[in-house]
Amino acid sequence: MSPATFYENVTIITGASSGIGRELAYQMAEQGAWLALAARNEGALEETAGVCRQRGGRAITFPTDVTDQDQCQQLIQRTGEEYGRIDTLVNNAGITMWALFEEIHDLDLFDKIMRVNYFGTVYCTHYALPYLKQTQGRIVAVASLAALNGIPTRSAYSASKHAIKGFMDTLRIELAGSGISVTISYPDFVATGMRERALKADGTPLGESPLEEGKVMTTQDSVRSLLTAMEKRAREDKQTLRGQVGPWIKLIAPGLIDNMARNALLLDD
């Protein structure tokens, strides 16, 4: 990766207070990026910004709930006012779940996950688009392998990520010739802390990860892959062999992929 790729690149990152968003902010700051960091947790957001400044980047923070359309509009507008332009939008904010569909008590869980993961992406992208057209910038969405195949215990999460894929793929076609690139990232399991906050069947946080976090990809490795894709303006960022090979296997043996998804989460009858 060229060290100058994101130098003074004005980049908005949602979900920047933890996980992939926070690590992305750190690595972009080391390249001298000008960052606008958004998340609901104001304290954690300020901590992220402080580290970014220490590492050589500029960073401003905007406490933002991406389910609120007006807050998304303010995030984009205030970033444009502060920096004078917007070069990159990274739609990263997200929540997940860990419950079989038949065990869910309140279907509002579907609404909550869709609003954060999908509508948050739609809102921010809509308001950023005029700025990005001026700079021939980048639109990035951090999806998941759950966007490519159904994942047991993730019905609402997988549906929201499928929606992001459909939205971004359509946007790429519509923006052809505009100079704007559209990149979708498909991380596998990454040690982000996200699973501890996953929603259970009753809508409350899980509290602990059901996986051995030490055996999954680190946020540092995941973000290095993402940044390479962003630099190349790639269509997709498939970070593991499972992500790269799985879609091809699915074409000829879809049942095998379903079994692999089931076995990955150790679901036994």
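In helix 1, the buried residues are Gly-19, Ile-20, Gly-21, Glu-23, Leu-24, Ala-25, Tyr-26, Gln-27, Met-28 and Ala-29. Here "buried" means under 20% relative accessible area, "exposed" means over 50%, and "partly exposed" is in between, using a 1.4 Å probe and protein chains only. The model is a predicted one, in which local features need pLDDT of at least 70 and side-chain atom pairs count only at pLDDT 80 or more, while totals for chains, interfaces and linings use all residues. Residues are numbered from 1 along each chain as its sequence is written, and side-chain values use heavy atoms, leaving out hydrogens and water.

- Helix 1 is mostly covered, with 10 of its 11 residues buried.
- Helices (H or I, at least four residues) and strands (E, at least two) are DSSP runs numbered from the N terminus.
- What do the buried residues of helix 1 pack against? They pack against strand 1 (10-14), strand 2 (34-39), helix 2 (42-54), strand 4 (88-91), strand 5 (138-142) and helix 6.

**Helix 1 meets helix 6**

- The axes of helix 1 (residues 19-29) and helix 6 cross at roughly 65 degrees and come within 9 Å.
- Axes are lines fitted to C-alpha atoms, for helices over the stretch in contact, and the angles run from 0 to 180 degrees between N-to-C directions.
- On the helix 1 side, the contact (heavy atoms within 4.5 Å) is made by Gly-19, Ile-20, Glu-23, Leu-24, Gln-27 and Met-28.
- On the helix 6 side, the residues in this contact include Val-223, Arg-224, Leu-226, Leu-227 and Met-230.
- Sorted by class, the contact of helix 1 with helix 6 has seven nonpolar, five polar and two charged residues.
- In this sorting, Ala, Val, Leu, Ile, Met, Phe, Trp, Tyr, Cys and Pro count as nonpolar, Asp, Glu, Lys and Arg as charged, and the others, Gly among them, as polar.

**Helix 3 meets helix 4**

- Helix 3 (residues 69-83) and helix 4 (residues 108-135) pack at about 30 degrees, their axes 9 Å apart.
- The two helices, helix 3 and helix 4, are therefore roughly parallel to each other.
- Angles under 35 degrees count as roughly parallel, over 145 as roughly antiparallel, 65 to 115 as roughly perpendicular, and the rest as oblique.
- Among the residues making the contact are Cys-72, Leu-75 and Ile-76 of helix 3, and Tyr-123, Tyr-127 and Tyr-131 of helix 4.
- The contact of helix 3 with helix 4 has eight nonpolar, five polar and no charged residues.

**Salt bridges**

- Side chains of opposite charge can pair when their charged atoms come close.
- A salt bridge is a side-chain nitrogen of Lys or Arg within 4 Å of a carboxyl oxygen of Asp or Glu, and the count by this rule comes to seven.
- Asp-221 and Arg-224 form a salt bridge at 2.4 Å, N to O.
- Asp-221 and Arg-224 are three residues apart in helix 6 (residues 219-232), so about one helical turn separates them.
- Asp-221 is partly exposed at 38% relative accessible area, and Arg-224 is partly exposed at 44%.
- Asp-169 pairs with Arg-172, with the closest N and O atoms 2.9 Å apart.
- Asp-169 and Arg-172 both lie in helix 5 (residues 155-174), and Arg-172 is buried at 15% relative accessible area.
- Glu-236 and Lys-238 form a salt bridge at 3.5 Å, N to O.
- Salt bridges that share partners also join Lys-165, Asp-169 and Arg-172 into one network.
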